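Please consult the sequence and the model while reading.

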Amino acid sequence: MQKLRIVHYLKTFATQQKWKRRIKLVDFILSSFLSGNVKINPANFALYFSILRGEKTANKELFKDFFSLKAMENIQISRISAQSPEYAELWRLRDEVLRKPIGLSLANDDLSRDLVDTIFIARHQANVIGCVLLHPLEAGVAQLRAMAVYPEWQGKGIGRLLVMAFEKYAFEDGYSKIILHARKVALGFYSGLGYTAYGDEFREVGIPHFMMEKELKG
Ligand SMILES: CC(C)(COP(=O)(O)OP(=O)(O)OC[C@H]1O[C@@H](n2cnc3c(N)ncnc32)[C@H](O)[C@@H]1OP(=O)(O)O)[C@@H](O)C(=O)NCCC(=O)NCCS
C-alpha cells in the first residue's frame, strides 16, 4: 500500500511538472522497485528527483545505486544452447567464477551434460555476465546448476533475474520441482529465492555443499 502511494505520488508529480521526457526513467525506477529486481533505497528518492531535475551534486557516492539502475536497463536474459555462439563466453565465465577461485579449471570438467541443458545467460550489451543451466533429471524434476555472475556484477539482482527466468521456463516446460547442489556460501542466495536445504552437508569440487529444492507453483 505504501509502495502504491509512492507510485501515485511520483507519477502525478512527474506529469504535473511536465517532465514527460523523464517519465520513462521514473517508470523504470518504480518498476524496478516494485518488482524487487533491483535494490532501491527509498531514502534516496529525493536524490533520484534531484537527478531527474538535472541538479548537480558533488557527492558521487550518492549516485551509486542510480547508476547501477541505469546499467540494469541494459541487462538482457536469454536462452541459449551449447551450440550457440555465446557458449565460448559462457565457458570463460564458469571457469573464472566457479573454478579458478577454488584452484580448479573447467577444462578438467566433463561438460557432456551441457549438450542437453537449457542455458540461461545475462548479457550486458554484448558481454555475457551471468549464467545458470537447467539440466533435465527425471519427469517433472530439473536441476539448477552452474549458477554464476561475474564478481563486478554480483549483488545487483542479476542472479535473481536469472533464477526467475529459469523457473518461469521450467514451469512452462512442465517441471514442478527444482533441485540443486548449493555451495554452502550460496545457501542464503537460494533460500532468499524460496529454496529449502535438505540432507547432510557433502563435498563437491572440494568445497561444502547442501542439496536444496523448490516446488514450482507457477
Ligand atoms: C551466488 C551468485 C550467483 C548470486 O548472484 P548475484 O547476482 O550476486 O545475486 P543477486 O544480486 O541477485 O542477489 C539476490 C539476493 O541474494 C542475496 N545474496 C546474493 N549472494 C548471496 C550469498 N552468497 N549469500 C547470501 N545471500 C546472497 C543478495 O544480497 C540479494 O538479497 P536481497 O534480496 O535481500 O537484496 C553470485 O554471487 C555468484 O556468482 N557467486 C559466486 C559463484 C557461486 O557461488 N555460485 C553458486 C554456486 S551453487
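**Confidence and overall fold**

The structure is a predicted model. Its mean pLDDT over the chain is 83, and 67% of the residues reach at least 70. Residues 56-62 stay under 50 in pLDDT, and the model gives this segment three contacts beyond four places in sequence.

The chain contains seven helices and seven strands. In sequence order, these elements follow the pattern α-α-α-α-β-α-β-β-β-α-β-α-β-β. Of the 218 residues, 22% count as buried. Where contacts link residues at least 6 apart in sequence, 59% of them join residues at least 24 apart.

**The nonpolar core**

The largest nonpolar core comprises 33 residues, and Cys 131, Val 132, Ile 158, Leu 162 and Phe 166 have the most contacts inside it. At least two residues of this core come from each of H5, E2, E3, E4, H6, E5 and strand E7 (207-215). In soluble globular proteins, nonpolar side chains tend to be buried together.

Val 132 illustrates the contacts made by a residue of this core. Beyond four places in sequence, Val 132 touches Phe 120, Leu 144, Ala 146, Met 147, Leu 162, Val 163 and Phe 166.

**Helix H5**

Which residues of H5 are buried? They are Leu 90, Leu 93 and Arg 94. These residues lie on the same side of H5, because they cover an arc of only 95° around the axis. Ala 88 and Arg 92, on the other side of H5, are exposed. The cover over the buried residues of H5 includes strand E2 (118-124), strand E3 (127-138) and E4.

Ala 122 belongs to strand E2. Ala 122 is classed as buried because 25 C-beta neighbours lie inside 10 Å. Apart from neighbours within four places in sequence, Ala 122 is in contact with Ile 75, Ile 77, Ile 129, Gly 130, Ile 158, Leu 161 and Leu 162.

Glu 204 is located in strand E6 (residues 196-204). Glu 204 counts as exposed because it has 10 C-beta neighbours inside 10 Å. With neighbours within four places in sequence set aside, Glu 204 is in contact with His 181 and His 209.

Gly 174 occupies the loop between H6 and E5. Gly 174 is exposed, since 10 other C-beta atoms lie within 10 Å.

For each of these residues, the table lists a C-alpha separation from a residue elsewhere in the chain.

| Residue pair | Separation along the chain | C-alpha distance |
|---|---|---|
| Ala 122 and Leu 162 | 40 residues | 6.9 Å |
| Gly 174 and Leu 216 | 42 residues | 9.7 Å |
| Glu 204 and Ala 182 | 22 residues | 9.7 Å |

**The ligand shell**

How many residues surround the ligand, and which are the closest? The shell consists of 20 residues, with Gln 154, Gly 159, Arg 160, Gly 188 and Phe 189 the closest. Two or more shell residues are given by each of helix H5 (87-99), strand E4 (141-149), helix H6 (158-172), strand E5 (177-183) and helix H7 (187-191). By class, 10 residues of the shell are nonpolar, six are polar and four are charged.

How values were computed
Residues numbered from 1 in each chain as written. Predicted model: local features only at pLDDT ≥ 70, side-chain atom pairs only at ≥ 80, totals over all residues. pLDDT = per-residue confidence, 0-100. Contact = placed C-beta atoms within 7 Å. Near = placed C-beta within 6 Å. Helix = DSSP H or I, 4+ residues; strand = E, 2+ residues; numbered from the N terminus. Nonpolar A, V, L, I, M, F, W, Y, C, P; charged D, E, K, R; others polar. Buried ≥ 20, exposed ≤ 12 C-beta atoms within 10 Å, placed from the backbone. Arc of directions from axis to C-beta. Core = buried A, V, L, I, M, F, W, Y, C linked by C-beta atoms within 7 Å.
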